[in-house]
Structure formats: C-alpha cells, structure tokens
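Look over the sequence and the fold before reading on.

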Amino acid sequence: QAQGRPDEAIPFLSQLARAQPDVFEHWNNLGNVLRGARRFEDAADAFRNALQLAGETPGLLFNLGLNALDAGDSIEAQRVLERAVALDPADPEIRVFCGVAAMNNNDVARATELVASWRTWGNADLSTLTEAAWLLFRTGAVDDAEQLLQRTAQVRPDDPLTLVRQATIHERSNRVEQAWAVVDALSG
C-alpha cells in the first residue's frame, strides 16, 4: 500500500480484515487501499464497517467523505464531512475537503465559511494549504489565495501543485506575464 500498489495490497488487507473482523483499523486500511484502487463502493463498505466498530470519529468520517468525493458524489461527501467538521471543527484538512464538497455543490457561502480561518492553521500540512488556497480562489478570495500560495511556496518553492495553482491564478487574473514566469519555473 505504501508503495502505491493498491491492487497487490487489497488481498492481504482483505484477508486481515476478515481474519480479525473486530479491529476497525483493518477495515479502515482496507477502505483506504480500495479507494486508492478506485473501487469506491467496496471502500465505502469497508469504511462503514470501521465506523460500526469504532463509532463516528473525525478520521473515519474524513476517509468516508474523501471516498465519496473521489467517487463524484459531492452531496454525500459534504454530508459526511460536515459530521467530521462537527466532531473536530479545528482540523484544517477536514475543513478544506468539506469546503471542496460544498463548492462542488454550489454552496459557496459554506465553502467560504469553512476556509475563513486559514490564517490560524499553523499545524496544517502544505498540501492542505495548497488545496485551501485553490478553494479560496474559487470562492473569490483571490488576494487570500495568493497570500497562502506564497506561504506554501516559501516552504517548498519547487512544489509542482503550488506552481500550477499560482500560474492558474495569474492567468485567470489576466496577469499573463506572471503566469508564464511561473510556467517557466515549473518547466525548468
């Protein structure tokens, strides 16, 4: 699983979950690898088994919500991720992906609300901050998005996703020369 070979990991994790069906971590791990293999219905079943064993925890709900998001069901994703936010309202990653689902559901007000506290997210990882910046841009907070992308670029100046997001924001804001400069940095 850690090597990015979900199809090879599935039989082992499936066997482990069946051998020890009362261990929620086995079901959660199986759900994650099934999600990685894009077997979304099977992943949802595994996550639901984990939830039945452990109860609703922010992490399990987050995994189930991401699975729904990846499967293209933004309504279900938002429903599940809202429950995760209610359990852990300070978690930046949960807030961001709940915001992504809300935005996909045209709930711009909720998406905006979920990322409004981004300045206080000192413990967030860079990929979450990059995703938050893109969500800020999509909600119309262009200056905040650029500020957050600059913050992530200071830590990882060569991060491809950050550079792509920066170039896209420049291009969509009619700053074509700046967009090309970022593209050149990405290409070089």
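Which residues in α5 meet which residues in α6? From α5 come Ser74, Ala77, Gln78, Leu81, Glu82, Ala84 and Val85. Their partners in α6 are Ile94, Arg95, Phe97, Cys98, Ala101, Ala102 and Asn104. By class, the contact of α5 with α6 divides into nine nonpolar, three polar and two charged residues. This is a predicted model, so side-chain atom pairs are counted only at pLDDT 80 or more.

Now take the geometry of that pair. Two packed helices are described by the angle between their axes and the distance between the axes. Helix α5 spans residues 74-87. Its axis lies 8 Å from that of α6, and the two pack at an angle of about 150°. Angles over 145 degrees count as roughly antiparallel, so α5 is roughly antiparallel to α6. The crossing of α5 and α6 is left-handed.

Next, follow the chain from α6 into α7. Helix α6 covers residues 92-104, and helix α7 covers residues 108-115. Their axes come within 8 Å and cross at roughly 165°. That angle makes α6 roughly antiparallel to α7. Here, too, the crossing is left-handed. On the α6 side, the contact is made by Arg95, Val96, Cys98, Gly99, Ala102 and Met103. On the α7 side, Val108, Arg110, Ala111, Glu113, Leu114 and Val115 meet them. This contact has eight nonpolar, one polar and three charged residues.

Phe62 brings another helix into the picture. Phe62 sits in helix α4, residues 58-70. Is Phe62 buried or exposed? Its relative accessibility is 8%, so Phe62 counts as buried. Beyond residues up to four places away in sequence, Phe62 touches Leu81, Ala84, Glu93, Ile94 and Phe97. Among these, Leu81 and Ala84 belong to the α5 side of the contact with α6. Ile94 and Phe97 belong to the α6 side.

Thr162 lies 100 residues from Phe62 in sequence, and their C-alpha atoms are separated by 23 Å. Thr162 is also a contact of Ala153, as is Gln166, with neighbours within four places in sequence left aside. Ala153 is in helix α9, residues 142-155. Gln166 is in helix α10, residues 160-172.

Ala153 has 16% relative accessibility, so Ala153 counts as buried. Gln166 is buried with a relative accessible area of 16%. Besides Ala153, Gln166 touches Leu149, Gln150 and Val182, not counting residues up to four places away in sequence. For a sense of span, compare Ala153 with Arg18. They are 135 residues apart in sequence and 44 Å apart in space, C-alpha to C-alpha.

Finally, step back to the whole protein chain. How many helices and strands are there? The chain has 11 helices and zero strands. Its C-alpha atoms fill a box of roughly 60 × 35 × 30 Å along the principal axes. Of the 188 residues, 45% are buried. The chain exposes about 9,900 Å², with carbon and sulfur atoms supplying 50% of that area. Among contacts with a separation of 6 or more, 48% join residues 24 or more positions apart.

Note on methods:
Residues numbered from 1 in each chain as written. Predicted model: local features only at pLDDT ≥ 70, side-chain atom pairs only at ≥ 80, totals over all residues. Heavy atoms only, no water. Axes fitted to C-alpha atoms, helices over the stretch in contact; angles between N-to-C directions. Helix = DSSP H or I, 4+ residues; strand = E, 2+ residues; numbered from the N terminus. Parallel < 35°, antiparallel > 145°, perpendicular 65-115°, else oblique. Left-handed = near helix turned anticlockwise from the far one by under 90°. Contact = heavy atoms within 4.5 Å. Nonpolar A, V, L, I, M, F, W, Y, C, P; charged D, E, K, R; others polar. Buried < 20%, exposed > 50% of the residue type's maximum accessible area, 1.4 Å probe, protein only. Areas by Shrake-Rupley, 256 points an atom, 1.4 Å probe, with all protein chains shown as cover.
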